[in-house]
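Open the structure in your viewer and keep the sequence panel beside it. The stops below say what to select and what is there.

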Amino acid sequence: MALRPDEFYDHAVAVADGERRLPLARMTGWEISPFEPDGLRVAPLRPPVLPEPARHGEDPSDCDACRDRDEGIWFNDHWRLVRIPRVGVPLVLMLHPRDHYDMADLPDELAAELGLLSTRIVRSVQALPHISRAHVYRIGDGGAHLHVWFFARPEGQAQLYGSWLVVWDDLLPEYPADVAEADAEIVADALVACHGGHRSPTSEPVA
């Protein structure tokens, strides 16, 4: 059984300093870290807050993802894919179920399609020129409606490898929107070809 919230907090602060600051993560010493360890310090660890605050969209009637179910670059009956604007890496996409589900309550048939569709999105992104990798993230602490992130890592940028990519994305200048939009359209067309669906929620489905 996992530690209770108070037990977890006591366990963590046992290795913290007098201000409840934990030691720097080993990750800050990696060569892919965007930060130099000198001068960095960890924010004080705050005590647990119970009950946890509600995530956005816990009530489907107040869920932005449900309201926007017909917005995106690719659709089928169950899923939609959107391009996230104003990012630093070449392309960031987000996949949502069109109906209100989180990962834990996805019906089995949608869960199976999520796996296949995620793989096909990764293939389509990695087929773009000058893209080496597509990273996939599912977090879910901020929104109750399932949303899966796909981040394209630019070719040759070895410092952007791995788990620090999302931080580098926040540090980099905004990537040219016209280039990202054109690449997103290529990915959408590739999905129509390999997975079916369509580019517009009002267009005829592709078999």
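Select H96 and show its surroundings. Leaving out residues up to four places away in sequence, H96 touches A65, H78, W79, R80, V82, H145, L146 and H147, where a contact means heavy atoms within 4.5 Å. H96 sits in strand β3, residues 92-97. Helices (H or I, at least four residues) and strands (E, at least two) are DSSP runs, numbered from the N terminus. Is H96 buried or exposed? With a relative accessibility of 8%, H96 counts as buried; buried means under 20% relative accessible area, exposed over 50%, and partly exposed in between, for a 1.4 Å probe and protein chains only.

A word on the model before moving on. It is predicted: local features need pLDDT of at least 70 and side-chain atom pairs count only at pLDDT 80 or more, while totals for chains, interfaces and linings use all residues. Residues are numbered from 1 along each chain as its sequence is written, and side-chain values use heavy atoms, with hydrogens and water left out.

Next, select C63 and C66. How far is the sulfur of C63 from the closest cysteine sulfur? The distance is 3.7 Å, to the sulfur of C66, which is too far for a bond, because a disulfide is a pair of cysteine sulfur atoms within 2.5 Å. C66 is likewise in no disulfide, and by this rule the count comes to zero. C63 is buried at 4% relative accessibility, and C66 also counts as buried, at 19%.

Now turn to the surface and select L24, F35, L40 and L171. These residues form a nonpolar patch with about 310 Å² of accessible area together. Patches are made of residues with over 30% relative accessible area and no salt bridge, with like charges joined within 9 Å and nonpolar side chains (Val, Leu, Ile, Met, Phe, Trp, Tyr) within 5 Å. A salt bridge is a side-chain nitrogen of Lys or Arg within 4 Å of a carboxyl oxygen of Asp or Glu.

Finally, zoom out and colour by secondary structure. The protein has five helices and five strands, in the order α-α-β-β-β-α-β-β-α-α from the N terminus. Its C-alpha trace spans about 65 × 40 × 25 Å along the principal axes. Of its 207 residues, 38% are buried. Among contacts between residues at least 6 apart in sequence, 60% join residues at least 24 apart.

Conventions: Accessible areas come from the Shrake-Rupley method with a 1.4 Å probe; for residues, only the protein chains shown count as cover.
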